[in-house]
Amino acid sequence: MAAQSNSALPENTILENYRIARPIASGGFSIVYLAYDEYGSPVAIKEYLPAGLSLRGQGQILPTITPEHVNLFRYGMKCFFEEGRALARISHPNVVRVINFFRANETVYMVMQYERGRTLQEHIVQRKGEIKENFIRHVFVQLMNGLREVHTNKLLHFDLKPANIYIRNDGIPVLLDFGAARQTLITDAPKLNPMYTPGFAAPEQYKNRDTLGPWTDIYSIGASMFACLSGMAPQAADQRLEKDRMQPVVKTFKGKYSKDLLEIIDWCLEMDYLKRPQSVFSLQKAIVENRIPEPQRPSMLGGFKRMFDDLARPVVRDGEKPDSMK
């Protein structure tokens, strides 16, 4: 089945004790709705509906799945459900809160806390790429506290980008829309259209997926910081693998931002995953201390190895150094 655009659920559709108000985001893998619970409190509901495997027309409730895609659709649904279960265990101010997940309408729904604010992408568009360095440091140091918590729970985000970084009205950044389940689905079904975002996806998401790890999300962090500087995504990693036209950020934005920050972004955007920061803590430490550590090429790395390097480390807070750095 070729990829198509699925119609959202009709307004006022009832899902368990939630009432659908309207769709607020959609993509090739899912649709996100604004909904209200029985007390009238707003929530965000994410519906598993991969466009390459299912089709739902205007006004319909149930998706149509052709027989040859049933097993793959159900496998992806299982991965999505398990991802919701894992995220529900995470309670962190910088990670979207999953408050419920359930099966209905022959698919799966993930209910999340509704946040008020705007995405980093909206902020970038409004500022046309002219974003101050202090803002970038503030957002990403705090955001990485949440990303560390995610990695601690044996999860990777896989779809970090400005559109999935939410800035709450109180200025606190929140990680949204995890792509772990969709990455699993792609890995097991290479015929599906890619569900990652060009420019923000690391090179190992295109191939050599046995090398995926925390450094994969770190590449996306670097790409998101690059977008704050330039107003756009960097050259897509698969294109860089063929012919890398990316100029070092330290050269392109020389004089506009500190050399330290620019070097850190270049470090995150290394094509060789072994040359990037190997843990979120090491990246946070570099931003706080304004320096990149001496290169140390690790050996026998792969998959999730060394994911827990920073579990016992103190959390870095915005504008504050942990005890080990004072």
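## Helix packing and salt bridges

The crossing of α8 and α9 is right-handed; a crossing is left-handed if the near helix is turned anticlockwise from the far one by less than a right angle, and right-handed if clockwise. The model is predicted: local features need pLDDT of at least 70 and side-chain atom pairs count only at pLDDT 80 or more, while totals for chains, interfaces and linings use all residues. Residues are numbered from 1 along each chain as its sequence is written, and side-chain values use heavy atoms, with hydrogens and water left out. Helices (H or I, at least four residues) and strands (E, at least two) are DSSP runs, numbered from the N terminus.

**Helix α8 with α9**

The axes of α8 and α9 come within 10 Å and cross at roughly 165 degrees. Here axes are lines fitted to C-alpha atoms, for helices over the stretch in contact, and angles run from 0 to 180 degrees between N-to-C directions. The two helices, α8 and α9, are therefore roughly antiparallel to each other. Angles under 35 degrees count as roughly parallel, over 145 as roughly antiparallel, 65 to 115 as roughly perpendicular and the rest as oblique.

From α8, the contact is made by I264, W267 and C268, and from α9 by S282, L283, A286 and I287; contact means heavy atoms within 4.5 Å. By class, six residues in the contact of α8 with α9 are nonpolar, one is polar and none is charged. In this scheme Ala, Val, Leu, Ile, Met, Phe, Trp, Tyr, Cys and Pro count as nonpolar, Asp, Glu, Lys and Arg as charged, and the others, Gly among them, as polar.

Helix α3 (residues 133–152) packs with α5 at an angle of about 160 degrees, and their axes are 12 Å apart. That makes α3 roughly antiparallel to α5. The crossing in which α3 passes α5 is right-handed. On the α3 side the contact is made by I136, F140, L143, M144, L147 and H151, and on the α5 side by P214, D217, I221, S224, M225, C228 and L229. The contact of α3 with α5 divides into 10 nonpolar residues, two polar and one charged.

Helix α5 also packs with α8, at an angle of about 135 degrees and with the axes 8 Å apart. That makes α5 oblique to α8. The crossing of α5 and α8 is left-handed. In α5, I218, Y219, G222, M225, F226 and L229 meet L262, I265 and C268 of α8. Of the residues in the contact of α5 with α8, eight are nonpolar, one is polar and none is charged.

**Salt bridges**

The structure holds 12 salt bridges, a salt bridge being a side-chain nitrogen of Lys or Arg within 4 Å of a carboxyl oxygen of Asp or Glu. Side chains of opposite charge can pair when their charged atoms come close.

One of the bridges joins the side chains of R168 and E115 at 3.9 Å, N to O. This pair links distant parts of the chain, with R168 in strand β8 (residues 165–168) and E115 in the loop between β6 (107–113) and β7 (117–119), 53 residues apart. R168 also meets D170 in a salt bridge, at 2.5 Å from N to O.

In another salt bridge the side chains of E204 and R276 meet at 2.8 Å, N to O. E204 lies in the loop between α4 (180–188) and α5 (214–230) and R276 in the loop between α8 (259–268) and α9 (280–289), so the pair ties together parts that are 72 residues apart in sequence. Both E204 and R276 are buried.

**Accessibility and two buried residues**

Buried means under 20% relative accessible area, exposed over 50%, and partly exposed in between (1.4 Å probe, protein chains only).

| Residue | Relative accessible area | Class |
|---|---|---|
| R168 | 21% | partly exposed |
| E115 | 12% | buried |
| D170 | 47% | partly exposed |
| E47 | 0% | buried |
| P203 | 5% | buried |

E47 is in strand β4 (residues 42–48). Leaving aside neighbours within four places in sequence, E47 is in contact with L9, F29, S30, I31, Y33, R56, T107, V108 and Y109.

P203 lies in the loop between α4 and α5. With neighbours within four places in sequence left aside, P203 is in contact with Y219, A237, L241, M271 and R276. The C-alpha atoms of P203 and Y219 are separated by 8.8 Å, and the two residues are 16 apart along the chain.
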